[in-house]
Amino acid sequence: MHPNDQTIFALSSGRSPTAIAVVRMSGPQAGAALQLLAAKIPSARMATRVLLRNAAGEAVDDAVVLWFPSPASATGEDVAEFHVHGSRAVLAALFAALARIENVRTAEPGEFTRRAFENGKLDLTEAEGLDDLIHADTEQQRRQALRQLTGLLGNKARAWRQQIIDAAALIEAGIDFSDEGDVSGELMGPALAKVRILLGEIEQALATAGRSERLRDGLVVAIAGPPNVGKSTLLNHLARREVAIVSPHAGTTRDLIEVQLDLDGYPVTLIDTAGIRDTADPVEQEGVRRAKARAAEADLVLWLDDGESGYVPEQGAAMVWRVRTKVDLGEPGIVAARPSERPSGMPSQMPSQMPSQMTSSEMASPVFQISARRGDGIAELIAALVRFAQAYFGTGYTALITRERQRALLGDTANSLRRSLEMAGVGEELVAEELRRAALSLGRLLGRVDIEDILDVIFRDFCIGK
């Protein structure tokens with residue numbers, strides 16, 4: 001039996017115990033399951049209170065059920081929902097009763113959404129948006145995912161694809177009527193004009209792709225510096241909990257400690273690294289190696305120094321902010337580093353990604369003065385991090401592309417459109433072929449043609465019950 005001919009069920013709400021749990025079914029046996037357990041099929045989309053009983057007539061739970069007949073359901077199939085009390089015992093009894101029905105089985109991860117996709121309820125970009133929404137940790141991630149789920153990219157891609165098809169139709173009409181004198185030339189001009197406009201729109205979307213893709217993963221900030229300068233204390237302060245061991249002994253932190261933060265709605269991964277110094281201890285040497293490697297990969301490095309160490313950060317691709325620690329007796333705040341104060345190894349100019357919203361003093365290679373123990377200067381540092389994240393990610397309201405797959409297929413589309421323009425003086429057939437390739441790439445983006453090899457990869461990351 002084909003998997004889609006089977007009826008699936010799964011817990012679609014939070015892990016038990018909960019006050020109410022939602023168990024969803026989808027497939028041809030959903031109605032039979034309602035008839036068996038609830039003794040009736042309620043009115044469509046009408047919440048109905050019933051006493052659920054198993055095949056032996058034993059009561060399972062006092063519940064609420066809903067019935068969504070196909071095709072007007074989330075998956076396009078017959079769908080039933082059981083809203084039961086969320087204890088483990090109730091769920092176990094309900095699952096056992098459902099599993100005894102012929103051709104009914106538990107769902108695989110993402111199987112509900114995959115059936116919705118296969119039944120035309122959403123395209124592949126919307127399915128990806130749903131996955132991002134499920135895994136969203138911050139407000140900005142939620143907003144971006146919801147825009148994708150509601151068709152931000154999908155609607156645009158469908159419109160683009162139709163424009164390509166229209167342009168190709170003009171050119172193919174010219175080919176068909178090539179014996180009618182100048183008909184071919186009259187049709188080629190308007191078609192290429194459409195292609196040029198469309199290519200500009202896609203290139204603009206590709207130019208803004210990077211930030212929205214990174215919003216899914218978050219900004220990476222590494223806390224680095226010599227041993228015993230307050231790195232772990234600062235990590236604990238920013239995380240507002242004890243995640244790292246704080247000790248007066250140098251070399252306490254020997255491995256990377258990562259903390260996920262919600263920084264004013266933006267996702268940030270904060271990394272505490274081992275103190276960087278020369279050491280004969282092989283374990284600490286490995287910690288230092290990992291610290292340097294992770295700092296080089298970070299989007300931003302907070303280099304901590306208490307003024308007593310001669311160590312300075314090595315120049316790398318990441319932006320570096322210097323943070324002077326243990327200034328308990330000094331005046332906290334933020335000052336701009338004068339050229340004579342900039343430590344060797346720091347970049348002489350800030351990278352091009354420097355947030356434009358930051359102040360002129362921050363633009364001049366910022367130096368922060370803090371006391372992580374007392375909290376002096378921490379508010380100013382956090383405010384600067386928020387401004388950095390806002391500028392790094394941007395608003396995201398116009399960003400269409402959120403995944404590498406989307407960027408690659410839109411890149412293929414743009415390349416085909418460019419080649420179609422280049423072929424204009426060579427032959428109409430070659431122009432038409434490149435336009436067909438462009439339309440095919442957009443079809444793959446939406447998941448409507450030639451995408452069987454990627455479906456398992458996309459849907460396997462969904463949670464069970466979605």
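Colleague: What share of the residues in the protein chain is buried?
Modeller: Buried residues make up 48% of the 466 in the chain, where buried means under 20% relative accessible area, exposed over 50%, and partly exposed in between, with a 1.4 Å probe and protein chains only. This is a predicted model, so local features need pLDDT of at least 70, side-chain atom pairs count only at pLDDT 80 or more, and totals for chains, interfaces and linings use all residues. Residues are numbered from 1 along each chain as its sequence is written, and side-chain values use heavy atoms, with hydrogens and water left out.

Colleague: What is the average pLDDT of the protein chain?
Modeller: The average is 79, and 73% of the residues score at least 70. pLDDT is the predictor's confidence in each residue, from 0 to 100.

Colleague: Where does pLDDT stay under 50?
Modeller: One such stretch is residues 331–364, with 66 contacts beyond four places in sequence in the model. Residues 244–254 also stay under 50, with 30 such contacts. A contact means heavy atoms within 4.5 Å. Where pLDDT is low, the predicted coordinates should not be read in detail.

Colleague: Fine. How many helices and strands are there?
Modeller: The protein chain has 15 helices and 13 strands. Both are DSSP runs numbered from the N terminus: helices are H or I with at least four residues, strands are E with at least two.

Colleague: Salt bridges next. How many does the count come to?
Modeller: The count comes to 18, taking a salt bridge as a side-chain nitrogen of Lys or Arg within 4 Å of a carboxyl oxygen of Asp or Glu.

Colleague: What does arginine 115 pair with?
Modeller: Arginine 115 forms a salt bridge with glutamate 77, and their closest N and O atoms are 3.0 Å apart. Arginine 115 lies in helix α3 (residues 111–118) and glutamate 77 in the loop between β4 and β5, so the pair ties together parts that are 38 residues apart in sequence.

Colleague: Are those two buried or exposed?
Modeller: Arginine 115 and glutamate 77 are both buried. They also belong to a network of salt bridges with Arg105 and Glu111.

Colleague: And which residue does glutamate 434 bridge to?
Modeller: Glutamate 434 bridges to arginine 419, with the closest N and O atoms 3.1 Å apart. Glutamate 434 is in helix α14 and arginine 419 in helix α13, so the pair ties together parts 15 residues apart in sequence. Glutamate 434 is buried at 12% relative accessible area, while arginine 419 is partly exposed at 34%.
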